[in-house]
Amino acid sequence: QVQLVESGGGLVQPGGSLRLSCAASGSIFSINDMAWHRQAPGKERELVAEVTSGGSTNYADSVKGRFTISRDNAKNTVYLQMNSLKPDDTAVYYCRYTAWDMVNYWGQGTQVTVSS
């Protein structure tokens, strides 16, 4: 049993910044792969950024250079720093934790709206 609690979403103007946080609790023994996904209205959920247990990161092409994923293993928390936000970034952002048995756990989602 793993629970993910997300925070940091909200309304921001184009060019602005937001920092999302996701704290994992429950049956957490170590930080494995964690990631941020997003889902815009009418679209499928897509991978935005991920950080592996080894610390390597991967980003969707659409956010490279603007978003940064990081983690604090001591707090079982993953962050997504989003800079230079665009209206196309508007979506519900979901935190994902992949456990040792490859089971995925999801946060409840946090709305990010980029609009002037």
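Which residue in β11 does Leu11 stand opposite? Leu11 stands opposite Thr113. The structure is a predicted model, in which local features need pLDDT of at least 70 and side-chain atom pairs count only at pLDDT 80 or more, while totals for chains, interfaces and linings use all residues. Residues are numbered from 1 along each chain as its sequence is written, and side-chain values use heavy atoms, with hydrogens and water left out.

Strand β11 covers residues 110–114; strands here are DSSP runs of E with at least two residues, numbered from the N terminus. Two strands pair if DSSP finds at least two bridges between them. Strand β2 (residues 10–12) runs parallel to β11 and is joined to it by 3 bridges. Strand β9 (residues 91–98) also pairs with β11 over 3 bridges, but in the antiparallel sense. Within that pairing, Val92 has Gln111 as its bridge partner. Gln111 and Thr113 belong to the uncovered face of β11, whereas Thr110, Val112 and Val114 make up the covered face.

Another set of strands forms an open sheet. Its 4 strands follow the order β1-β3-β8-β7 with antiparallel pairing. β1 (2–7) and β7 (67–72) each have a single partner strand, so they stand at the edges and one side of each is left without a neighbour in the sheet. From one strand to the next, the twist averages 15°, with axes taken as lines fitted to C-alpha atoms and angles running from 0 to 180 degrees between N-to-C directions. The partner of β7 is strand β8 (residues 77–82), joined to it antiparallel by 6 bridges. Ile69 has Leu80 in β8 as its bridge partner.

Arg66 lies in the loop between β6 (57–59) and β7. Its relative accessible area is 10%, so Arg66 is buried (buried means under 20%, exposed over 50% and partly exposed in between, with a 1.4 Å probe and protein chains only). The side chain of Arg66 reaches the backbone oxygen of Ser84 at 2.9 Å. Not counting residues up to four places away in sequence, Arg66 touches Gln81, Met82, Asn83, Ser84, Leu85, Lys86 and Asp89, where contact means heavy atoms within 4.5 Å.

Asp89 is also a partner of Arg38, through a side-chain polar contact of 2.9 Å. A polar contact is a pair of N or O atoms within 3.5 Å; within protein, one must be able to donate a hydrogen and the other to accept it, and residues adjacent in sequence count only if both atoms are side-chain atoms. Arg38 makes a further side-chain polar contact with Tyr93, at 2.9 Å. Arg38 is placed in strand β4 (residues 33–39) and counts as buried at 6% relative accessibility. Among the residues that Arg38 touches beyond four places in sequence are Glu44, Arg45, Val48, Phe67 and Val92.

Arg45 in turn lies over the face of Tyr94, at 3.7 Å from the ring centre, and over the face of Trp106, at 4.6 Å. A charge sits over a ring if NZ of Lys or CZ of Arg is within 6 Å of the ring centre and within 35 degrees of the ring normal.

A search of the whole structure finds 1 aromatic pair. The ring centres of Tyr97 and Tyr105 are 6.4 Å apart and the planes stand at 35°, so the pair is tilted. Rings of Phe, Tyr and Trp (its six-membered ring) pair if their centres lie within 6.5 Å; planes under 30 degrees apart count as stacked, over 60 as edge-to-face and the rest as tilted. Tyr97 is buried at 2% relative accessible area, whereas Tyr105 is partly exposed at 22%.
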